[in-house]
Amino acid sequence: MSEYINLRGHQIRSYEWPHDGEAVLLLHGGLSQTSHWDIHILPAVEDHFHIFAYDRTGHGFTGDQPGSFHFEFQMNEAIAYLEDVVKRPAHIIGYSDGANIALMVAIKRPDLVTSIISIAGNYDHSGIHPLPEPDGFIAQEDRDEYAATSPDAPHTLDEKIAKMSAIWKVEPKISAESLRNIECPVLVMAGDDDVVRHDHTIDLFERIPLGQLAIVPGTSHGLVKEKPALVQALIEDFLLDLSYPVTRMPIKRSNPEI
């Protein structure tokens with residue numbers, strides 16, 4: 001199910017759940033890895049789709065490279081994975097940073113993206129509620145996991161956290177206007193107590209022509225683990241019918257200019 005593959009000169013950990021259905025690509029969050037969230041998403045897609053995932057450079061089982069935590073690098077890596085491994089357009093389910101990367105891929109390479117499920121994503125760094133500065137404390141269990149999984153030296157965990165924390169202050173910086181160029185259906189999902197501001201989530205939804213919005217009640221940025229059954233139901237419902245929604249009392253969708 002998982003193995004190291006050479007992606008354009010760099011060894012990355014790749015995952016695949018074979019099925020005859022359409023391709024789905026899972027993109028994990030920042031400072032995380034595939035195994036931290038795939039079990040919460042797979043029940044929604046594993047029976048009907050051919051699923052792919054990978055640990056992004058510098059994350060999980062994949063070693064680091066210079067500049068790897070910047071979103072431009074991660075977007076290009078996702079494009080390379082879609083071209084070389086998936087080899088066809090895919091539905092992308094992205095969580096947090098993974099959602100941001102999915103949006104960037106859809107803007108730059110719409111031919112590679114069938115649909116997007118953006119879970120707790122933010123297209124601009126300003127869309128996040130102010131958070132306290134990290135105090136440098138890392139739980140021992142996290143250090144133990146890092147030492148057991150990452151090809152990088154144990155001390156680099158501290159360096160990666162500091163590096164990613166600095167990048168989150170200035171990235172991502174997706175042009176708001178470019179979101180209007182996303183051609184595929186997009187489900188924008190967030191927790192009702194998410195670290196992503198509600199107005200930012202709604203703005204993201206309203207800028208995407210084929211956008212749909214789901215705010216999951218009683219959840220935070222960790223909604224995929226807090227309400228997995230509800231998140232899975234929303235994913236299944238969205239992927240079941242990607243046509244333009246027809247509702248009984250349309251307001252916004254009755255006139256795209258509104």
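This is a predicted model: local features need pLDDT of at least 70, side-chain atom pairs count only at pLDDT 80 or more; totals for chains, interfaces and linings use all residues.
Visitor: At roughly what angle do the axes of helix α2 and helix α3 cross?

Guide: Helix α2 covers residues 71-86 and helix α3 covers residues 97-108; their axes come within 9 Å and cross at roughly 70°. Angles from 65 to 115 degrees count as roughly perpendicular, and α2 and α3 are therefore roughly perpendicular to each other. The crossing of α2 and α3 is right-handed.

Visitor: Which residues of α2 meet α3?

Guide: A helix contact is read as two lists, one for each partner. From α2 come Phe71, Glu72, Gln74, Met75, Asn76, Ala78, Ile79 and Leu82, and these meet Asp97, Asn100, Ile101, Met104, Val105 and Lys108 of α3. Sorted by class, this contact has eight nonpolar, three polar and three charged residues.

Visitor: How is the pair α4 and α5 to be read, and at roughly what angle do their axes cross?

Guide: The axes of α4 and α5 cross at roughly 105° and come within 10 Å, which makes α4 roughly perpendicular to α5. On the α4 side the contact is made by Asp142, Arg143 and Tyr146, and on the α5 side by Thr156, Leu157, Asp158 and Lys160. The classes in this contact are two nonpolar, one polar and four charged.

Visitor: How much space lies in the largest pocket?

Guide: The largest pocket holds about 1,300 Å³ of space. Its lining comprises 42 residues, of which Gly30, Leu31, Leu131, Ser165 and Trp168 are the closest to the centre. Two or more lining residues come from each of the elements α4 (140-149), α5 (156-168) and α7 (223-226).

Visitor: Which element gives the most to that lining, and how do the lining residues divide by class?

Guide: The element is α5, which gives five residues to the lining of the largest pocket. By class, the lining has 18 nonpolar, 16 polar and eight charged residues.

Visitor: Turning to the backbone, which two residues does a cis peptide bond join?

Guide: The torsion to inspect here is omega. A cis peptide bond, with omega about 0°, joins glutamate 171 and proline 172. Proline 172 lies in the loop between α5 and β7 (186-191).

How values were computed:
Residues are numbered from 1 along each chain as its sequence is written. Side-chain values use heavy atoms; hydrogens and water are left out. On a 1 Å grid over the protein atoms alone, a cavity is a set of points where a 1.4 Å probe fits but cannot get out, and a pocket is an open set with protein on both sides within 12 Å along at least five of seven lines; lining residues have an atom within 4 Å of a point. Grid points are joined across faces, edges and corners, and a volume is the space filled by probe spheres set on the points. Helices (H or I, at least four residues) and strands (E, at least two) are DSSP runs, numbered from the N terminus. Ala, Val, Leu, Ile, Met, Phe, Trp, Tyr, Cys and Pro count as nonpolar, Asp, Glu, Lys and Arg as charged, and the others, Gly among them, as polar. Axes are lines fitted to C-alpha atoms, for helices over the stretch in contact, and angles run from 0 to 180 degrees between N-to-C directions. Angles under 35 degrees count as roughly parallel, over 145 as roughly antiparallel, 65 to 115 as roughly perpendicular and the rest as oblique. A crossing is left-handed if the near helix is turned anticlockwise from the far one by less than a right angle, and right-handed if clockwise. Contact means heavy atoms within 4.5 Å.
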